[in-house]
Amino acid sequence: MSTKILSVDDEMDLELLLTQYFRRKIRRGEYEFKFAHNGLEALAMLLNEKDFDIILSDINMPEMDGLTLLTKINEMQNPAMKCIMVSAYGDMGNIRQAMNNGAFDFATKPIDLDDLSVTIEKAIEQIAYIKQMEKEHSQLELIKGDLAVAREIQHAILPRIFPPFPESASEMDIAASMNAAKDVGGDFYDFFRIDEDRIGFAIADVSGKGVPAAIFMAVSRTLLRATGIKGATPEECLTYTNQLLSKESVNSMFVTMFYGIYNIKTGDINYTNAGHNPPYIIKSNGDVVELPISKDIIAGIFEDYTFSPATCHLDKGDSIFLFTDGVTEAIDKYEKEYGEGRLIATLGKLSGSSCQQIIEAVRNDVSSFVGEAEQSDDITMLAIKRL
């Protein structure tokens, strides 16, 4: 595209001078010149044609001088439009004022056209840079909008209605939350009814952050839920999920997963832990018991791996608390981690609390510890209580 230049000068000879000097660039379509003979005429052209790149304006003109025109141009708030002011060599006071008011550069009369050509080329470089920045800014705004929608979709696919099983409200309590470190996250939690007595529940943490982790998270959750809701055992469920994730894994992404099946009537939990943080059982007497550290590997790495089963039990009044490492690895401004010790101490005070109260208490304690430090990882929690 050609550079569109508006020359504003009451001296008619300048029009002929410019068109003659720049004739080759005009002929090749590199420059397009328009001419106005005072500030008012120029302003009318600027309001009618929004695509001028460079304004080459005399300072001393009838009806509206160049300094007033420069003020009007500034009000248009177009950073990609550059003004080059022209005046007599002895008019340095007005030239200085023009530069202070935002003019790109100046030229003195009689105009040195070679020097003016260099000035115009400098202005074109600045204009091209600004337009590129504006284009990238627009693209970033579009991406930001897309991420906001993606965040809403991601939250929409996670269960958010509590209590989720009103028919079992007298037997169990359940609550969960997910707070992404970026616009979208790689953590997820899930729970669903398998049959009258059993509830499937899961928590997971995908490697990495941002959009790739969010996509991998959605795939992992879909595979886990589709298998689990059919009643497959936890080890079968994770073995199958791992096979598919490993086969389709991109950029060596992986996921730590804990999947369990809770029997509402008996309090028994059958589970499999694919390299995830061991959950804690909050006993009714205030003791906090950590489940054994998983001996199974993370999911999404080795396609032929077979996961193993494990069991635990909730007595009446007990709760199981699951979390991602965004909780224990949350750091304050001194780079100190929240840690498992502080989490256990917090959980030990919550034996009589509801699941929602447990999650809120941990969230508040982590937030208090971190202070003004930026959240470094997704924070996801899930709690189930036998009533």
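These are my notebook entries on one predicted protein model.

**Ground rules**

I number residues from 1 along each chain as its sequence is written. Because the model is predicted, local features need pLDDT of at least 70, side-chain atom pairs count only at pLDDT 80 or more, and totals for chains, interfaces and linings use all residues, while side-chain values use heavy atoms, with hydrogens and water left out.

**Entry 1: the whole chain**

I looked up the elements first. The protein chain has 11 helices and 15 strands. Both are DSSP runs, numbered from the N terminus: helices are H or I with at least four residues, strands are E with at least two.

Next I checked the overall form. The C-alpha trace spans about 100 × 40 × 40 Å along its principal axes. The radius of gyration is 34 Å, well over the 21 Å that the globule rule gives for 387 residues, so the chain is more spread out than a compact globule. That radius is taken over C-alpha atoms, and the rule is 2.2 Å times the number of residues to the power 0.38.

I also looked up burial. Of the 387 residues, 48% count as buried. Buried means under 20% relative accessible area, exposed means over 50%, and partly exposed lies in between (1.4 Å probe, protein chains only).

**Entry 2: the parallel sheet**

I noted a general point before tracing strands. Strands of a sheet pair through backbone hydrogen bonds, either parallel or antiparallel. Here, two strands pair if DSSP finds at least two bridges between them.

Five strands form an open sheet in the order β2-β1-β3-β4-β5, with parallel pairing. β2 (31–36) and β5 (105–109) stand at the edges with a single partner strand each, so one side of each is left without a neighbour in the sheet. The twist averages 20° from one strand to the next. Axes are lines fitted to C-alpha atoms, for helices over the stretch in contact, and angles run from 0 to 180 degrees between N-to-C directions.

I zoomed in on β1 (residues 3–8). Six bridges join β1 to β2. T3 stands opposite Y31 in β2. Helix α1 (residues 13–21) lies across β1, β2 and β3 (54–58), at about 180° to β2.

Is S7 buried or exposed? S7, in strand β1, is buried, with a relative accessible area of 2%. Leaving aside neighbours within four places in sequence, S7 is in contact (heavy atoms within 4.5 Å) with L14, L18, K34, F35, A36 and L56.

**Entry 3: the antiparallel sheet**

Five strands form another open sheet in the order β7-β8-β9-β10-β13, with antiparallel pairing. β7 (187–193) and β13 (310–313) are its edges, each with a single partner strand, so one side of each lacks a neighbour in the sheet. I followed β9 (residues 255–263) to β10 (residues 268–274) and found six bridges. I261 stands opposite N270 in β10.

Two helices go with this sheet. Helix α7 (residues 210–228) lies across β7, β8 (198–206) and β9, at about 20° to β7. Helix α8 (residues 234–248) touches β9 and β10, and its direction makes about 155° with that of β9.

**Entry 4: the cores**

Which residues touch the most other members of the largest nonpolar core? They are F191, F201, M257 and Y259, in a core of 47 residues. A nonpolar core is a set of buried Ala, Val, Leu, Ile, Met, Phe, Trp, Tyr and Cys residues joined through side-chain atoms within 4.5 Å. A second, separate core has 22 residues, including A42, L43, F52 and M81.

I kept a general rule in mind. Most residues other than glycine have a negative phi, and most peptide bonds are trans.

A cis peptide bond joins K109 and P110, with omega about -5°. P110 is in the loop between β5 and α6 (113–157). The bond from F162 to P163 is also cis, with omega near -5°. P163 sits in the loop between α6 and β6 (172–179).

Then I looked at phi. For E63 phi is near 70°, a positive value. E63 is in the loop between β3 and α4 and is exposed, with a relative accessible area of 64%. For E335 phi is near 65°, again positive. E335 lies in the loop between α9 (325–328) and α10 (339–347) and counts as exposed at 60% relative accessibility.
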